[in-house]
Structures are given as C-alpha cells and as structure tokens.
Amino acid sequence: MAFTLPALPYAFSALEPHIDAMTMEIHHGKHHNAYVTNLNNAIAGTNAETMSIEDICRNISQFPMAVRNNGGGHYNHSLFWSILSANGGSPSGKLAAAITTELGGLDTLKEKMNAAGATRFGSGWAWLIVGADKKLAICSTPNQDNPLMDIAEVKGTPVLGIDVWEHAYYLKYQNRRPDYLGAIWNVINWAEVGKRYEAAL
Ligand code: MN3
C-alpha cells in the first residue's frame, strides 16, 4: 500500500496574493510529490508499508534517515495544505477559548509562531501543538521533522504547521521570511485547525 499525493483542496491561485500560484504549484506538484515518491521507495519491502504515516512518525527513531526526511515531508505537507484556505475566518469554540486562556490570545499566538519560524535556522517548521498535558504549545522543528516524532525535542499533536523552508516563499518573498510569516495569517483555515484541536484533546 503506497502513499499517494493528496489533491490540493483548492486552486493553485486560491491563496493569492499571500501565497502565489507558482509557489503552490511547484511546492505541491514537485516538492511534496518527491517526498511521497522517495518515501515509497524508502519503505518498499519493510514493515512500514502497512503503517499509517502518523505511526511511522511516532516510531521514526527505528527508521533510516530517508524515511524520517520523506515521511516527515509527506505528513507535514499533507497537514499544511489542509490548514490553508482563502477564506479561513477566525478561531472559534473550544480552540478560541484555549488560545485565550493558554496562550494569552490570538495576537500572542501569531507573535510566538512567527518568532519560532523566523528563528529556525535553515529549513524547518513552526508548530502549534497539543501537548501530553492537553494544553496548546508552540515549537519548531528542523528539516522535515515534526512534533509527532519520537526524536522531537518538544512532542505533541500538531494542529497548525507553517513551512519555513525557502521553497515555501522564495519566489514571492525572496529572503524576507518574516514578510511571508506575516502574510500567511490571512489564509489560515481556522475551522480545520479547530477540528484538529478537538480531535487531539
Ligand atoms: Mn515545503
């Protein structure tokens, strides 16, 4: 059972002007597709072929680096496409309440995630997670690691992830990662983040 590239739930141009269509097309069709292909090659003939991508991540220390890099790449990007939307609205319900009580509000959440993304040296991800204590927390990971992985410094269930690899923003923002991080909040799918939050509780 091979992993497959999930279809984007919107057009490449849907997130304009915040994320440009060419970046989306290359990011999804080339970068994510390569992670899927390389993951399938890396797990061919191993017990990972029958595992979910989440379970592979949770046990990643048992696998070679190719599975860590490409399995993380597949999980991270599948989540990333789902938490973006042209009309993302704002946090509501239990998620909105937790953002207020556990993080000090949405503005603080954005500031902390932007700082986590901006200070991640090289390539990686900024994350909003639900920790083992069921509380929201913010962290970042290098490369294609994620907080599900047993090797992660800060562990938890990701509910929102922001890709800070240059391939996610360079065509439009060049070296200005903070500008990309500022703009992405216009296209966060808060209903999906809320759904992931409640599932993680
Ligand atoms: Mn990427």
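Colleague: How far apart in helix 8 are Glu192 and Arg196?

Modeller: They are 4 residues apart, so about one helical turn separates them. Bear in mind that this is a predicted model. In it, the two side chains meet in a salt bridge, 3.0 Å from N to O.

Colleague: Which residues does the salt-bridge network there join?

Modeller: Glu192, Lys195 and Arg196, through salt bridges that share partners. The Glu192 to Lys195 bridge is 3.3 Å, N to O.

Colleague: And what's the spacing of Glu192 and Lys195 in the helix?

Modeller: Those two are 3 residues apart in helix 8, which covers residues 190–200, so they too are separated by about one helical turn.

Colleague: Is Glu192 buried or exposed?

Modeller: Buried, because its relative accessible area is 14%, and the cut-off for buried is under 20%. Lys195 counts as exposed at 56%. Arg196 is partly exposed, with 23%.

Colleague: Why would such side chains pair at all?

Modeller: Opposite charges can pair when the charged atoms come close.

Colleague: OK. How many salt bridges turn up in the whole structure?

Modeller: The search finds 5. One of the salt bridges is between the side chains of Asp55 and Arg58, at 2.9 Å, N to O.

Colleague: Where do Asp55 and Arg58 sit?

Modeller: In helix 2, residues 53–58. They are 3 residues apart there, so about one helical turn lies between them.

Colleague: What about accessibility for Asp55?

Modeller: Asp55 is partly exposed at 34% relative accessibility.

Colleague: Changing topic. How much space is in the largest pocket?

Modeller: About 180 Å³.

Colleague: Which residues line it?

Modeller: Arg58 and Arg196 are both in the lining, including also Ile53, Glu54, Tyr75, Ser78, Leu79 and Leu148. Thr157, Pro158, Ala199 and Ala200 are among the lining residues too.

Colleague: Which elements give two or more residues to that lining?

Modeller: Helix 2, helix 3 (65–82), strand 3 (157–163) and helix 8.

Colleague: And by class, how many of the lining residues are nonpolar, polar or charged?

Modeller: There are 7 nonpolar, 2 polar and 3 charged residues.

Terms used
Residues are numbered from 1 along each chain as its sequence is written. This is a predicted model: local features need pLDDT of at least 70, side-chain atom pairs count only at pLDDT 80 or more; totals for chains, interfaces and linings use all residues. Side-chain values use heavy atoms; hydrogens and water are left out. A salt bridge is a side-chain nitrogen of Lys or Arg within 4 Å of a carboxyl oxygen of Asp or Glu. Buried means under 20% relative accessible area, exposed over 50%, partly exposed in between (1.4 Å probe, protein chains only). On a 1 Å grid over the protein atoms alone, a cavity is a set of points where a 1.4 Å probe fits but cannot get out, and a pocket is an open set with protein on both sides within 12 Å along at least five of seven lines; lining residues have an atom within 4 Å of a point. Grid points are joined across faces, edges and corners, and a volume is the space filled by probe spheres set on the points. Ala, Val, Leu, Ile, Met, Phe, Trp, Tyr, Cys and Pro count as nonpolar, Asp, Glu, Lys and Arg as charged, and the others, Gly among them, as polar.
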